[in-house]
Amino acid sequence: MNFKSLLCLVGLLAATFAWAQQPPLTPSSPGRPDPGLPGTPAQQLARDIFKELVEINTTDTPAGNVTTAAEAMAVRVRAAGYAAEDVHVAGPLANKHNLVVRLRGRNRDAKPVLFLGHLDVVQALKQDWSPNLDPFKFTEAGGYFYGRGTSDVKDGDALLLSSFIRLKREGWVPSRDLILALTADEEGGESNGIQWLLKNHRELIDAEYCINTDAGDFVIQKGKRTLLGLQTSEKNYVDFQLEVKNRGGHSSRPVKDNAIYHLSAGLDRLAKFDFPVELNDTTRAFFERTAALQVNDGQTAADFRAVAKTPSDPAAAARLSQSPYYNSLLRTTCVATRLEGGHANNALPQTARAIVNCRMLPADSLEQVKETLVKVLADDRISVSIVGEAIPAPASLLRPGLMRQLETMSARLYGGIPVAPVMDTGASDGKYLRIGGIPTYGVPGVFADVDDERAHGKDERIGVKDFYDGVEFYYLFIKELGGSN
């Protein structure tokens with residue numbers, strides 16, 4: 001064997017060994033061609049940031065520390081040339097600091113645009129994941145990036161941060177200031193992140209409007225990219241406690257006046273009840289614009305169009321309500337999520353309680369929903385009270401210019417995939433910005449498979465190609481927003 005052949009053999013064996021070290025795809029993972037290593041310096045930068053963030057544990061546990069991630073990212077932006085006064089790492093707790101970065105623009109009188117992501121993630125246990133995957137190790141396999149936060153929302157953090165670094169290195173100056181905020185405590189719902197910044201350092205993040213990577217929908221369905229969903233609103237979260245008090249007694253002498261029976265009968269009436277259908281500008285536009293996407297389901301397409309009319313077609317609404325997702329877009333929903341009662345096996349219950357979790361449409365009020373619950377429960381022995389803080393957030397008015405920019409981006413990058421406003425059924429930090437008077441719009445930047453949702457769950461992942469496409473999308477999108485007044 002000559003020397004050249006020997007080198008080829010060694011290279012082949014090394015490549016085979018390296019491939020063997022990659023964790024295999026999980027049985028539930030449809031394979032994609034592995035696109036291999038990053039193809040551009042911008043992609044490599046974003047990947048490096050993404051890997052570093054995933055491998056820093058930012059859970060709300062003794063092992064987690066958001067400040068570590070915030071400081072690591074601050075090192076990167078300072079090295080890119082950001083002045084000390086334009087990089088802030090601060091927060092009320094030692095382990096929950098936020099990072100705020102400002103890219104200075106030409107017109108200091110124009111209000112900035114804020115870009116938002118969160119650094120914290122939900123807890124993940126290695127034993128709950130597939131054997132060859134560690135939630136806090138960044139793993140590439142079969143065309144996917146695996147790790148806690150890969151889809152919620154450290155991918156968005158990496159896209160924003162790499163774009164801000166790239167633009168600074170290029171010497172690009174926007175027409176107005178652009179602000180990046182990577183925050184703590186979005187997942188925990190505590191006040192150490194965007195709420196703390198709004199209350200204590202509004203001057204760092206005050207903006208005309210915000211773009212939030214932790215909201216909206218860039219949709220893959222059945223292997224095809226189908227929609228760019230711009231989030232303009234989200235349902236408002238509120239918990240109600242239902243409680244029945246009773247004198248109780250000995251279980252050997254039961255009576256019909258039983259706290260558990262009263263509560264269960266009321267919950268049974270609630271289970272059979274639906275709030276009325278109520279579309280807003282966002283949900284009506286969503287059904288109108290996405291009807292054409294239902295190419296393989298003529299009935300659903302017809303129902304989308306019918307429900308979007310004023311008034312909505314009741315039969316179409318009833319059919320769509322069979323889908324939990326469409327049902328949640330059509331109305332306020334309330335569902336029992338916790339139940340407790342009694343104090344001893346041989347005693348009649350003196351107390352029975354339930355938690356009912358409601359996701360209210362932006363136009364609904366707490367008073368309206370509470371009054372509805374009281375009427376539906378139809379038992380004055382069941383008291384209804386709000387649990388914890390519940391401040392509804394208004395919807396953000398649709399910005400036609402933002403829609404047009406997304407349509408331009410779609411035509412440029414994705415072959416003209418439809419753009420539609422969406423209302424998220426979950427919650428994000430956008431709520432607090434809207435309450436604080438900063439309109440907020442969800443633009444994730446990374447396409448995700450609607451039938452393979454893994455955020456907060458086992459083997460969280462996103463597509464490698466989807467991530468790298470997001471790198472280019474956000475770089476161009478930020479330049480578009482920063483170049484317009």
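**Entry 1**

I am working on a predicted model, in which local features need pLDDT of at least 70, side-chain atom pairs count only at pLDDT 80 or more, and totals for chains, interfaces and linings use all residues. Residues are numbered from 1 along each chain as its sequence is written, and side-chain values use heavy atoms, with hydrogens and water left out.

I looked up the strand pair next. β8 and strand β18 (residues 448-449) run parallel and are joined by two bridges. Pairing here requires at least two bridges found by DSSP between the strands. Strands are DSSP runs of E, at least two residues long, and helices are runs of H or I of at least four, both numbered from the N terminus.

Then I checked β9. Strand β8 (residues 217-221) pairs with strand β9 (residues 224-234) in the antiparallel sense, over five bridges. Val-219 turns up again, with Leu-227 as its bridge partner in β9. The hairpin of β8 and β9 has two residues between the strands, and Lys-222 takes a positive phi near 55 degrees there.

**Entry 2: the sheet of β4, β5 and β19**

I traced an open sheet of three strands, in the order β4-β5-β19, with antiparallel pairing. β4 (139-141) and β19 (461-463) each have a single partner strand and stand at the edges, so one side of each lacks a neighbour in the sheet. Neighbouring strands are turned by 25 degrees against each other on average, direction ignored.

I noted three bridges between β4 and strand β5 (residues 144-146), which pair in the antiparallel sense. Glu-140 stands opposite Phe-145 in β5. Helix α15 (residues 464-482) packs on this sheet and touches β4, β5 and β19. Contact means heavy atoms within 4.5 Å. The direction of α15 makes about 70 degrees with that of β19.

**Entry 3: α7 against α12**

I looked up how helix α7 (residues 259-271) and helix α12 (residues 366-377) pack: the angle is about 115 degrees and the axes are 8 Å apart. Axes are lines fitted to C-alpha atoms, for helices over the stretch in contact, and angles run from 0 to 180 degrees between N-to-C directions. That makes α7 roughly perpendicular to α12 (65 to 115 degrees).

I listed the contact residues: Gly-266, Leu-267, Arg-269 and Leu-270 of α7, with Leu-373, Val-376 and Leu-377 of α12. They divide into five nonpolar, one polar and one charged. Ala, Val, Leu, Ile, Met, Phe, Trp, Tyr, Cys and Pro count as nonpolar, Asp, Glu, Lys and Arg as charged, and the others, Gly among them, as polar.

Definitions and conventions
Parallel < 35°, antiparallel > 145°, perpendicular 65-115°, else oblique.
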